[in-house]
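Hi,

Here is the model I said I'd pass on.

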Amino acid sequence: MTPRSDEILPLYRAIKLVGALAIVIFVAGALEFVSFEPPGQTTGTVARIQGVYAYNPDSRSVSGEPAGHFSRGQPFAAVVDWTSIPAGTQVAARWFDSFGEVVGQAGPGNAEAMTENAVPVALPQGLTQNIPGTYLFVVERISHGQPVEVLARRLVEVERT
Amino acid sequence: MNLRRTGRYQLALLLAGVLFLVLVASSALDYLSLDQIPNRGALLGLPAVALIGGATWVGLRAFQQAPTVRRRYELWAGTLFALALLLWLLVLDVFVFTQQAGPKVAALSALACLPPTAFGLWVVHRLDREEKEPWRLVLVATAWGAIMATSLVIWAESLFQDWAINALVPGPGLDATNAFSAGLFEELAKGVAVLLLYLVMRDQFHDVVDGIVYGAAVGLGFNFMESIGYMTYLDSLFGPTAAGFQWYHRQVLDLFFGHATYTALVGAGIGIARQLPGRRQQVLAIACGWLGAIAAHFAWDAWLTFFPLGTGAITLIQVHLRVLAMNGPFTAVVLVLLLMGRRIEGRNLVRQLGLEAARSGPRRSRSWPALGDGSAHDWRPGPAATSGSAGCSEHRSPWPWGAGTGSAASRTARRMPSRTCAAGSCSCGQPVVRVSRGGLDSHLRPPGGQAQGRTADS
């Protein structure tokens with residue numbers, strides 16, 4: 001015996017309610033996305049990243065050739081040519097590890113006021129080596145205290161061994 | 001075979017074909033990008049190759065058989081081929097997910113995850129109290145979640161995240177985008193298992209309760225493989241304590257709240273569609289269930305950062321509260337749908353029993369309304385009712401109605417004497433009711449016939 005249609009109706013309504021709730025959640029997600037990725041912010045400005053180099057924390061200097069892979073124990077830093085960005089532009093530079101955590105940054109401030117070209121990756125608290133995985137470095141334009149445009153980005157890999 | 005069934009099978013075949021192509025592409029990408037796989041993968045993939053060989057041999061032999069026997073050979077060939085595919089995907093999965101910490105940690109993680117997952121499956125299997133789903137299908141659903149679904153999402157998510165990381169500003173916007181991709185791809189990959197069961201296993205897929213059972217089983221399988229992946233990764237980074245915490249979070253705290261809940265929502269939508277008459281309503285129910293699952297998954301991934309954890313002992317409390325606050329409402333929705341579905345099953349049972357009682361006489365029919373409170377779920381077949389081997393004797397009814405209901409009618413029903421039928425004969429002359437999905441299909445026992453299925457006298 002199959003259930004009567006009036007018995008199924010509450011279930012049907014309930015699942016439609018679930019669908020409506022899902023749409024509310026998606027709208028909330030879209031609003032969040034738009035607030036952090038506001039449209040119409042592209043200026044066409046491009047920052048120049050000279051490269052990612054091995055870094056010496058004691059002397060706070062880079063050495064060697066630019067590289068795309070580093071071992072876990074090797075500190076490294078990105079070198080940014082801040083003069084490639086128009087004066088008066090509010091900028092910041094940030095490193096993200098493979099968990100999406102910020103592990104190094106410079107700024108925010110006006111491009112002409114940024115004096116340190118090397119932006120190193122800092123070791124996470126309690127660790128003696130970097131976490132392996134893909135690291136993302138970005139130079140961002142800041143507006144109203146919030147990053148709104150990526151002017152340059154670079155990906156490097158920290159090897160597991 | 002009617003036209004609708006043919007259409008369903010064609011759709012299932014199309015889905016399976018698309019999935020196969022995606023898996024071939026995934027394997028090719030694995031081969032090209034993960035240089036450790038070819039050597040070890042080829043070695044461990046040998047059993048898969050042997051199974052493919054076996055499937056081919058049996059499949060070829062099928063053509064030489066008479067049509068009546070051919071189907072059995074074809075079934076064997078298909079089973080061997082499916083096993084080979086699963087084994088090969090498992091090999092790939094093991095390498096993709098566990099290469100971080102090595103096989104020993106991966107094996108230990110798998111061993112640690114087995115008991116909670118098995119317990120979860122046992123609980124899920126018991127959700128359907130009227131007619132439990134066959135273990136083989138529940139385990140197939142679990143295997144799909146663990147092996148097929150994880151294989152399907154690896155590259156989809158990786159490619160999407162590669163695009164996102166190169167196109168968006170890092171931060172909450174990027175996190176939300178990645179969360180959406182995880183919800184979309186993972187729920188599609190998991191939910192397609194429930195959809196295929198719905199399309200081709202109608203005999204074992206009847207309603208919302210079945211959908212929730214199959215969906216949760218797929219989710220538990222996915223959670224099993226994902227737990228191993230995360231545990232091995234965190235062990236390689238932070239040691240066994242981090243892996244242990246991850247085990248607790250995913251296999252204890254999140255066992256029913258995470259993937260099991262999400263895919264149960266997909267299953268609920270498909271199960272409700274199974275009970276609806278109109279095509280438009282069916283599509284809408286399936287879409288709503290799927291959207292609910294994607295949204296629940298998205299909400300967890302995207303808004304986890306809104307519930308930051310502190311340090312010290314308070315973290316333990318916060319972790320639990322966070323899961324309850326973020327996933328709890330969706331699990332509650334699944335439970336509500338489950339209870340509604342079980343209530344409908346109970347009413348069907350009552351209605352069918354009422355019909356049977358009306359046919360067999362007025363004495364029992366007065367008792368059936370006592371079942372309307374859902375206490376019919378508490379039915380357990382008595383030994384005589386199931387085996388049919390006991391002698392024909394007076395004993396308590398195998399229908400312990402109203403356990404906990406306390407109604408006068410149910411008490412009356414509980415006191416009712418009844419009879420059982422000895423194997424091969426039934427001297428009491430009562431019709432026998434066979435319990436099946438959506439109620440009871442009654443059939444009068446043929447004279448001297450053997451009781452089949454769950455039987456109860458009426």
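Starting with chain A: its radius of gyration, taken over C-alpha atoms, is 23 Å, whereas a compact globule of 161 residues would come out near 15 Å (the globule rule being 2.2 Å times the number of residues to the power 0.38). The C-alpha trace of chain A spans about 80 × 40 × 25 Å along its principal axes.

Before the rest, some housekeeping. This is a predicted model, where local features need pLDDT of at least 70 and side-chain atom pairs count only at pLDDT 80 or more, while totals for chains, interfaces and linings use all residues. Residues are numbered from 1 along each chain as its sequence is written, and chains are lettered from A and ligands numbered from 1 in the order in which they are written.

Chain A has 1 helix and 9 strands (DSSP runs: H or I of at least four residues, E of at least two, numbered from the N terminus). Of the 161 residues of chain A, 33% are buried, i.e. have 20 or more other C-beta atoms within 10 Å of their own, with C-beta atoms placed from the backbone.

On to the interface: 47 residues of chain B are in contact with 37 residues of chain A, contact being C-beta atoms, placed from the backbone, within 7 Å. Helices H6 (135-167) and H13 (328-360) of chain B are among the elements that give two or more residues to that side. H11(B) gives the most, with 13 residues.

Cheers

Terms used
Contact = placed C-beta atoms within 7 Å. Buried ≥ 20, exposed ≤ 12 C-beta atoms within 10 Å, placed from the backbone.
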